[in-house]
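Here are a few friendly notes to read alongside the model. Keep the 3D view open and look up each residue as you go.

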Amino acid sequence: MVLNFKHKYLIYRIISMIFYAFSQKKSGLRVLMYHSINRKVEDDIYDIYNMPNDLFEKHIKIIKDYNLVSLKEENLLKIPTGLSITFDDGFANNYYIAEKLCSLFEIPFSVFVTANNVKQKKEGFLNKKELIDLSNCKNVNIGSHSFNHINLAEHDEKKIRNELYNSKAYLEDLLGKEINTISYPNGSVNRVVRDCAADIGYKIGFTSINQINDDHSDLLLLSRTPIYSLDNENILKQKIRGQWDWMRHRRKIFKKIKFY
Ligand SMILES: [Zn+2]
């Protein structure tokens with residue numbers, strides 16, 4: 001059976017309501033994963049990673065009231081309860097929209113940049129000047145999202161090392177700052193990718209698996225909660241509470257349903 005995303009989303013919402021009844025409130029570091037604001041993401045057929053501006057504003061007004069944590073903070077996982085927000089891919093709107101709004105409320109956030117998009121001046125993505133300006137904003141952390149946005153776990157070690165090393169070197173050279181955080185493109189990570197990242201000098205790495213992080217979590221395999229363009233304010237609160245954490249098992253649960 002093939003369902004379109006809106007149907008699946010309805011099922012997700014229902015399961016999340018049921019899950020709430022059985023879930024216990026957990027403390028730890030919750031990390032949210034955004035992508036683009038007001039601009040379509042390539043290959044995003046259901047337009048789920050393109051957050052409307054007005055909805056993003058509503059999210060920010062909710063997020064500002066949590067204990068917000070910067071990924072630059074030492075002892076990240078010792079913080080009993082915290083929330084951190086991240087953006088993947090390096091869209092120019094992260095600078096022109098997200099930064100403007102986040103800075104109003106002093107919300108720290110991270111942007112994980114696909115280095116080759118910057119190098120090639122790909123339309124819609126941060127160019128060199130915008131990235132430098134963004135990196136100099138207060139409360140902003142820039143991290144790597146590999147060099148070419150490939151599924152790292154599907155490649156051999158040599159290719160993995162090149163992707164991890166070249167993106168770090170390119171961004172460090174451009175920004176004059178150490179780059180020690182990474183988000184693995186499409187959440188594609190295995191033991192080899194994780195160990196290469198550690199070897200190359202990354203300190204913090206992110207997957208896209210719904211879960212809260214605690215002081216037992218591997219700093220190079222931290223979980224994040226994906227945020228979709230359909231998530232209203234109520235759903236955002238549910239996701240922060242952990243009601244959608246069952247989603248990390250969804251491939252097992254919906255084996256017969258084709259997910260894109
Ligand atoms: Zn990505």
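How are the donor residues of the zinc ion spaced in sequence? Keep that in mind for the first point, and remember throughout that this is a predicted model.

1. The spacing of the donor residues is D-x55-H-x3-H. The protein donors are Asp89, through OD, and His145 and His149, each through NE2; they lie 2.0 to 2.2 Å from the zinc ion. Asp89 belongs to strand E4, while His149 sits in the loop between strand E6 and H6, so this pair, 60 residues apart, links distant parts of the chain.

2. Asp89 has a relative accessible area of 8%, and because the cut-off for buried is under 20%, Asp89 counts as buried. His149, at 26% relative accessibility, is partly exposed.

3. You will find Ser167 in helix H6, and it is buried, with a relative accessible area of 0%. The Ser167 side chain reaches the backbone oxygen of Glu163 at 2.8 Å. The side chains of Ser167 and Tyr202 are joined by a polar contact of 3.4 Å. Beyond its neighbours within four places in sequence, Ser167 touches several residues, including Ala115, Ser144 and Phe147.

4. Two helices crossing. The axes of H5 (residues 128-135) and H6 (residues 157-175) come within 10 Å and cross at roughly 75°, which means H5 is roughly perpendicular to H6. On the H5 side, Lys128, Leu131, Ile132 and Ser135 take part, meeting Tyr170, Leu171, Leu174 and Leu175 of H6. Sorted by class, this contact has 6 nonpolar, 1 polar and 1 charged residues.

Notes. Residues are numbered from 1 along each chain as its sequence is written. This is a predicted model: local features need pLDDT of at least 70, side-chain atom pairs count only at pLDDT 80 or more; totals for chains, interfaces and linings use all residues. Side-chain values use heavy atoms; hydrogens and water are left out. Axes are lines fitted to C-alpha atoms, for helices over the stretch in contact, and angles run from 0 to 180 degrees between N-to-C directions. Helices (H or I, at least four residues) and strands (E, at least two) are DSSP runs, numbered from the N terminus. Angles under 35 degrees count as roughly parallel, over 145 as roughly antiparallel, 65 to 115 as roughly perpendicular and the rest as oblique. Contact means heavy atoms within 4.5 Å. Ala, Val, Leu, Ile, Met, Phe, Trp, Tyr, Cys and Pro count as nonpolar, Asp, Glu, Lys and Arg as charged, and the others, Gly among them, as polar. Buried means under 20% relative accessible area, exposed over 50%, partly exposed in between (1.4 Å probe, protein chains only). A polar contact is a pair of N or O atoms within 3.5 Å; within protein, one must be able to donate a hydrogen and the other to accept it, and residues adjacent in sequence count only if both atoms are side-chain atoms. Donors are N, O and S atoms within 2.8 Å of the metal (3.2 Å for Na, K and Ca); water is not among the atoms, so sites may look incomplete.
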